[in-house]
Amino acid sequence: MFTLLAATNITNFDDIFKSSFLEKTSSFSLIDALIGLASAFLLGVFIYFIYKKTFNGVVYSHSFNISLMIMAMATALVIMGISQNVLLSLGMVGALSIVRFRTPIKDPMDLIFLFWSVVVGILCGAGFIPLAVIGSVIIGVVIIVFQNKIVIENPYLVVVRFEHEETNAVIERLLREASKRYLLKSKSVMNDEKMEVTYEVRLKGNDAAFVSTLSKVEGVSSAVMLSYDGNFTA
């Protein structure tokens, strides 16, 4: 009885060098990995040029655009790794669930490009390269058409500070003449009896000329116009 148990517990010399790491390495396809990474890189470059061509925000960030390409390749690497092992995939999901990104996303389109890069990386890492290519081409065409071809008239915010209530009537008369539509957003009265009003307007003609006209009205101390498209710029 003891002899049988001892025989079953004997470790052969070959068992010492058996390694699950080597077994996983032998099942890993270098060609497939290179094809997936190359596809993610090329589609990342495509996303890079689409973002650069259609960007219409306040400040263009070259580093953010570069990160879109890197994110596609990094996501493809992660998908290639977890697709070979179920336990590894569960552990990776748990690890990524505690990651918190502190970079603020001001433009909703930036969030769309981030999600697009992640999707491209997932598809390339999983081997669905034709689907990634077709989907990226369609998304790129849609973004170019809607960002550059379709013109959306953004409103302006006009902030005027004046001293007398009668001046407000003059301001609104000028707004009716120079704008297609205007809407009072706020009105405040200061301690020194000065007033400040904010209007949302859609102008008909020259923007700079309208601000100059407002500033020349008697009783107006300042007139500021801001273009609003999700960000404030003077």
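This is a predicted model: local features need pLDDT of at least 70, side-chain atom pairs count only at pLDDT 80 or more; totals for chains, interfaces and linings use all residues.
Figure 1. T167 itself belongs to helix 9, which covers residues 165-178. Its relative accessible area is 6%; buried means under 20%, so T167 is buried.

**Figure 2. The whole protein.** The protein has ten helices and five strands. Of its 234 residues, 27% are buried. Among contacts with a separation of 6 or more, 68% are accounted for by residues 24 or more positions apart.

**Figure 3. Crossing of helix 5 and helix 7.** Helix 5 is formed by residues 62-82 and helix 7 by residues 108-126. Two packed helices are described by the angle between their axes and the distance between the axes. Here the axes come within 7 Å and cross at roughly 30 degrees. Angles under 35 degrees count as roughly parallel, and helix 5 and helix 7 are therefore roughly parallel to each other. The crossing of the two helices is right-handed.

**Figure 4. Residues in the contact between helix 5 and helix 7.** Helix 5 contributes F64, L68, M71, A72, T75, A76, I79 and M80 to the contact. From helix 7 come D110, F113, L114, S117, V118, V120, G121, I122, C124, G125 and A126. Sorted by class, the contact of helix 5 with helix 7 has 14 nonpolar, four polar and one charged residues.

**Figure 5. V45 and I70.** V45 is part of helix 4, which runs over residues 30-54. The relative accessibility of V45 is 22%, and V45 therefore counts as partly exposed. In sequence, V45 and I70 are 25 residues apart. In space, the distance between V45 and I70 is 9.7 Å, C-alpha to C-alpha.

**Figure 6. Spans annotated as "transmembrane region".** The annotation comes from an unreviewed UniProt entry, which lists residues 28-51, 58-79 and 113-146 under this name. For residues 113-146, the model shows a span that is 94% helix and 0% strand. The end C-alpha atoms of residues 113-146 lie 15 Å apart.

Terms used:
Residues are numbered from 1 along each chain as its sequence is written. Side-chain values use heavy atoms; hydrogens and water are left out. Axes are lines fitted to C-alpha atoms, for helices over the stretch in contact, and angles run from 0 to 180 degrees between N-to-C directions. Helices (H or I, at least four residues) and strands (E, at least two) are DSSP runs, numbered from the N terminus. Angles under 35 degrees count as roughly parallel, over 145 as roughly antiparallel, 65 to 115 as roughly perpendicular and the rest as oblique. A crossing is left-handed if the near helix is turned anticlockwise from the far one by less than a right angle, and right-handed if clockwise. Contact means heavy atoms within 4.5 Å. Ala, Val, Leu, Ile, Met, Phe, Trp, Tyr, Cys and Pro count as nonpolar, Asp, Glu, Lys and Arg as charged, and the others, Gly among them, as polar. UniProt positions are given in the numbering used here, feature names are shortened, and annotations may be inferred rather than shown by experiment. Buried means under 20% relative accessible area, exposed over 50%, partly exposed in between (1.4 Å probe, protein chains only).
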